[in-house]
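Hi,

Here is the structure I promised to pass on.

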Amino acid sequence: MHASLTMTRRGALLAAAALPAAAALSAGPHGRAHAAAAMMGGGFTPFHRFRLGGFEVTTLLAGSRAIDNPQGIFGLNVSAEEFAAVSAAHFLPADRSQNFFTPTVVNTGAELVLFDTGLAAPATQAALAAAGYAPGQVDVVVLSHMHGDHIGGMRHEGAAAYPNARYVTGAVEHNHWTAAGNEGFVNNVVPFNDQMTFLDDAGSVAPGITAMALPGHTPGHMGYMVESEGARLVLMADAANHYVWSVGRPDWEVRFDADKAQAAATRRRLLGMLASERIPVIGYHMPFPAIGHVEAQGDGFRYVPASYQFMLAG
Ligand SMILES: [Zn+2]
């Protein structure tokens with residue numbers, strides 16, 4: 001039986017609406033071809049890669065979590081009113097924040113260098129895999145300091161998470177925790193002591209990667225200057241851990257800074273250098289992908305997240 005050639009448009013639509021759902025898949029631009037898509041929750045890719053001179057730099061999102069009462073971490077010595085006002089001025093709530101954990105990989109062309117290992121190996125290695133690297137390809141593991149969110153991924157199920165790596169860390173930091181006898185340090189770092197090289201300020205990890213003493217967060221906390229073909233980048237680790245409350249207000253006391261006055265002085269010195277020399281910076285706890293610039297603003301600094309600058313480098 002044939003449909004009438006004189007069928008009206010409205011008649012055709014009614015006929016299509018009467019068809020079973022499977023037949024309606026070909027209903028055309030105004031038909032409902034599929035069921036409504038499920039809500040997926042927020043998300044983004046766990047790695048971000050760009051070129052720095054002849055190097056490639058990849059930030060890895062090894063974890064992220066919301067925290068309550070951020071003033072209890074980032075603004076110990078200011079009033080609730082001041083904390084709320086600065087937060088509101090940057091479109092941030094004052095009662096909740098999001099923390100990020102961002103190990104970074106630098107491929108120098110000769111070696112694959114991993115800076116910090118995350119809270120635990122599986123999440124860091126999942127991000128590493130997404131970025132196209134296998135754990136066995138990591139040649140060097142560098143530890144900025146010995147807090148659990150940086151050393152927690154050194155081992156997995158009792159074995160080295162990066163079985164072919166050598167290890168580098170600051171001498172002052174290692175000496176401090178050796179004396180302090182911290183359990184996380186004993187479990188995650190001490191097993192690698194025989195394969196570890198210890199650096200002081202300006203010590204070399206590999207050609208183009210130089211240690212920068214940034215004490216205060218911990219006694220021997222280290223950042224690293226990465227330089228290739230004249231392009232520079234600082235990995236500041238935990239010298240400033242929030243892009244507004246610490247970069248914008250470097251004197252605000254931070255609960256996890258072991259020596260609060262020294263940490264504030266280090267922050268001011270580092271941020272001043274980044275601003276005056278216009279050097280991009282990766283911060284371990286900055287909002288992912290954790291890369292940006294710093295400019296002087298008022299009595300503090302302003303963090304400017306990177307946009308497409310690094311894409312232009314190829
Ligand atoms: Zn940290």
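Contacts first: taking those in the protein with a separation of 6 or more, 69% are between residues 24 or more positions apart. Bear in mind that this is a predicted model. In secondary structure terms, you have 8 helices and 18 strands to look at. As for burial, 41% of the 314 residues count as buried.

Now the nonpolar cores. The largest has 64 residues, and the ones touching the most other members are Val-113, Val-142, Tyr-224, Val-226 and Met-236. The element that gives the most to this core is strand β15, residues 231–237, which puts in 5 residues. There is also another core lying apart from it, made of 6 residues, and Phe-74, Trp-252, Ala-263 and Ala-264 are among them.

Leaving out residues up to four places away in sequence, Tyr-224 touches Phe-115, Val-142, Val-205, Ile-209, Thr-210, Ala-211, Met-212 and Leu-235. Val-142 turns up in that list and is also one of the residues with the most contacts to other members of the largest core.

Next, helix α8, which covers residues 260–277. Its 18 residues reach 26 Å from first C-alpha to last, close to the 26 Å expected at 1.5 Å a residue. The buried residues in α8 are Ala-263, Ala-264, Thr-266, Arg-267, Leu-270, Leu-271 and Leu-274. They sit on the same side of α8, because the arc they cover around the axis is only 160°. Ala-263 and Ala-264 are also the two I listed for the 6-residue core.

What do the buried residues of α8 pack against? They pack against four strands: β15, β16 (281–283), β17 (291–297) and β18 (300–305). On the face of α8 turned away from the buried side you'll find the exposed residues Ala-261, Ser-276 and Glu-277. Just past the end of α8 comes Arg-278, with a positive phi of about 55°.

Last, helix α4, residues 121–130. Buried in α4 are Ala-121, Ala-123, Thr-124, Gln-125, Ala-127 and Leu-128. The strands that the buried residues of α4 pack against are β1 (47–52), β2 (55–60), β3 (63–68) and β8 (155–156). After α4 comes Gly-132, where phi is positive, near 95°.

That's everything from my side. Over to you!

Cheers

Technical notes. Residues numbered from 1 in each chain as written. Predicted model: local features only at pLDDT ≥ 70, side-chain atom pairs only at ≥ 80, totals over all residues. Core = buried A, V, L, I, M, F, W, Y, C linked by C-beta atoms within 7 Å. Buried ≥ 20, exposed ≤ 12 C-beta atoms within 10 Å, placed from the backbone. Helix = DSSP H or I, 4+ residues; strand = E, 2+ residues; numbered from the N terminus. Contact = placed C-beta atoms within 7 Å. Expected span 1.5 Å × (residues − 1). Arc of directions from axis to C-beta.
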